[in-house]
Amino acid sequence: MLETLWFFLWGLLWAVYFMLDGFDLGLGILLPVTSKRDKETRALYRAMGPFWDGNEVWLVAAGGVTFAAFPTAYAVMFSSLYAPLLCVLFALIIRAVAVEFRGQLEASAWRAFWDACLWASSFAAAFLFGLIFANLFRGIPLNEDGLFQGSLLALFNLYGVSGGAFFLIAFMFHGSLWLVIKSDGKLRSRAIVAAVSSWTAVTLAALLFLILSGFRTDLYVNYVNMPVLFLIPGAAIAALLAARIFISRRSWWKAWFSSAIFIVAATFFGIAGLYPYILRSTLDERFGITLYEAASSPLTLKTMLVVVCIFVPLVLVYQGWVYWLFRDRIEDGDTAAGEPY
C-alpha cells in the first residue's frame with residue numbers, strides 16, 4: 001500500500017513540475033517568435049523571472065523522492081540514462097545563467113548571446129524530458145542484473161522522439177497562454193497567434209502520441225484490465241478542448257488552467273500505464289523493476305510521508321503568495337530596468 005501511494009506521489013511531483021516549469025520552458029522556446037524588440041524580450045524575461053526558480057523546487061522534490069522512495073530505480077535510471085539526464089541538468093543551468101546574466105550589460109551582442117542560450121536550453125530541456133519519459137513508458141533495454149544494454153542513439157527511437165516533440169509543443173502552448181496573461185501590446189498579439197496555432201499542433205501531437213502508445217508500448221494493458229483508467233486520457237482530451245473554447249472566449253486564465261490540467265493528465269496517462277513497473281525492460285518483461293522491488297523500507301516510506309505532510313503545504317503557501325504578489329500584467333515601466341525581476 002505504501003509503495004503504491006509513493007508511486008502515485010512520485011508521478012504527481014513530476015506532473016506538477018511539468019505543469020509549472022512547462023510554461024517557463026515554453027516562454028524560452030517562444031522567444032524568437034514573439035519578441036521582436038529588446039523591450040519585448042525584457043517583458044518576456046519578466047514574465048518568467050519571479051517564478052522559474054520556485055518552479056524548480058518541484059524538480060528537486062521529484063528527484064529526491066525517486067532517490068529516497070525508490071533507490072533501486074534511481075540507481076538504474078541514472079546509470080542507464082546518464083547522458084540525457086546530464087544534458088537536461090546542463091540545459092537548466094544555462095537557462096538559469098541566461099536569466100540572471102542577460103541584464104548585467106547593455107551591449108546588444110551580450111544580450112543576443114544570452115537570448116540564444118535561453119532559447120537553446122529551453123528547447124533542449126523540454127525535448128529531452130519528453131524523450132526520457134517516453135522511453136521510460138516504452139521501456140529501456142535492461143538485462144537481468146538491471147544493467148543498461150543499449151546506447152544513447154537507441155533512445156532516439158520513433159516513440160521517444162514523438163514524446164520529445166509532444167513535450168516541446170505542449171510547453172510552447174502552455175507558455176504562450178502565460179505570455180498572453182502577462183503581456184500587453186504587440187507582444188500579447190503575437191502570443192495570442194502562437195497560442196491558437198500551437199493548440200492545433202499540440203492536439204495533433206497528443207493524438208499521434210496516443211496512437212503510437214498502442215503500437216510501441218504496453219501502456220494500454222492496464223487500461224484494458226481497468227477501463228476506469230480511460231478517464232485519465234479522457235480528462236486530458238477534455239482539458240485540451242476546454243482550452244480551445246476558453247481561447248475563443250478570450251478567457252485566458254481559464255485556458256491556462258485547462259492547459260495545466262492537460263499536462264497533469266497527460267503525465268498520469270503514462271504513469272498509470274506503467275504501474276506496477278517503475279522501469280520496464282524491452283529485453284524481457286521479467287527484467288523490469290517493479291515499484292515493490294525498488295521501494296525503500298516501510299519505515300523510510302512512513303518517515304517520508306510525515307515530512308511531505310509538513311513541508312509540501314508550506315511550499316504551496318509560499319508559491320501561492322509569490323504568484324499572487326506578481327499576478328499583475330507587465331507594463332511599460334516594469335521593463336525599464338534590465339533585471340528580469
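This is a predicted model: local features need pLDDT of at least 70, side-chain atom pairs count only at pLDDT 80 or more; totals for chains, interfaces and linings use all residues.
User: Which helix gives the most residues to the lining of the second largest pocket?

Analyst: The second largest pocket, with a volume of about 440 Å³, is lined by 22 residues, and Leu-59, Phe-78, Leu-85, Val-88 and Leu-89 are the ones nearest its centre. Two or more lining residues come from each of α1, α3, α4 (71–80), α5 (82–101) and α6 (108–138). With seven residues, the one that gives the most is α5.

User: How many residues in the lining of the second largest pocket are charged?

Analyst: Leu, Val and Phe are among the residue types that count as nonpolar, whereas Asp, Glu, Lys and Arg count as charged. In the lining of the second largest pocket, 19 residues are nonpolar and two are polar, and the number of charged residues is one.

User: Which helix supplies the largest share of the lining of the largest pocket?

Analyst: The largest pocket has a volume of about 680 Å³, and among its 29 lining residues Val-16, Leu-20, Trp-58, Leu-316 and Gln-319 are closest to the centre. At least two lining residues come from each of α1 (2–34), α3 (52–69), α11 (252–274) and α13 (298–325). By class, this lining has 26 nonpolar, two polar and one charged residues. Its largest share, ten residues, is supplied by α13.

User: Which helix supplies the largest share of the lining of the largest cavity?

Analyst: There are two cavities of 30 Å³ or more, and the largest has a volume of about 110 Å³. Its lining includes Phe-133, Phe-166, Phe-209, Ile-263 and Thr-267, and the residues divide into nine nonpolar, one polar and no charged. The helices α6, α7 (158–182) and α11 each give two or more of these residues. The largest share, four residues, comes from α7.

User: Are α1 and α7 roughly parallel or roughly perpendicular to each other?

Analyst: Two packed helices are described by the angle between their axes and the distance between the axes. For α1 and α7, the axes lie 6 Å apart and the angle is about 85°. Residues that meet in this contact include Phe-18, Gly-22 and Leu-30 in α1, and Phe-171, Gly-175 and Trp-178 in α7. Since an angle of 65 to 115 degrees falls in that class, these two helices are roughly perpendicular.

User: Is Ser-198 buried or exposed?

Analyst: Ser-198 has its place in helix α8 (residues 185–216), and, leaving out residues up to four places away in sequence, it touches Ile-169, Met-172, Phe-173 and Ser-176. The cut-off for burial is a relative accessible area under 20%. Because Ser-198 has a relative accessible area of 7%, this residue is buried.

User: Is Tyr-82 buried or exposed?

Analyst: Tyr-82 is in helix α5, and its C-alpha atom is separated by 16 Å from that of Phe-127, which is 45 residues apart from Tyr-82 along the chain. A residue counts as exposed when its relative accessible area is over 50%. The relative accessibility of Tyr-82 is 53%, so this residue is exposed.

Technical notes
Residues are numbered from 1 along each chain as its sequence is written. Side-chain values use heavy atoms; hydrogens and water are left out. On a 1 Å grid over the protein atoms alone, a cavity is a set of points where a 1.4 Å probe fits but cannot get out, and a pocket is an open set with protein on both sides within 12 Å along at least five of seven lines; lining residues have an atom within 4 Å of a point. Grid points are joined across faces, edges and corners, and a volume is the space filled by probe spheres set on the points. Buried means under 20% relative accessible area, exposed over 50%, partly exposed in between (1.4 Å probe, protein chains only). Contact means heavy atoms within 4.5 Å. Axes are lines fitted to C-alpha atoms, for helices over the stretch in contact, and angles run from 0 to 180 degrees between N-to-C directions. Angles under 35 degrees count as roughly parallel, over 145 as roughly antiparallel, 65 to 115 as roughly perpendicular and the rest as oblique.
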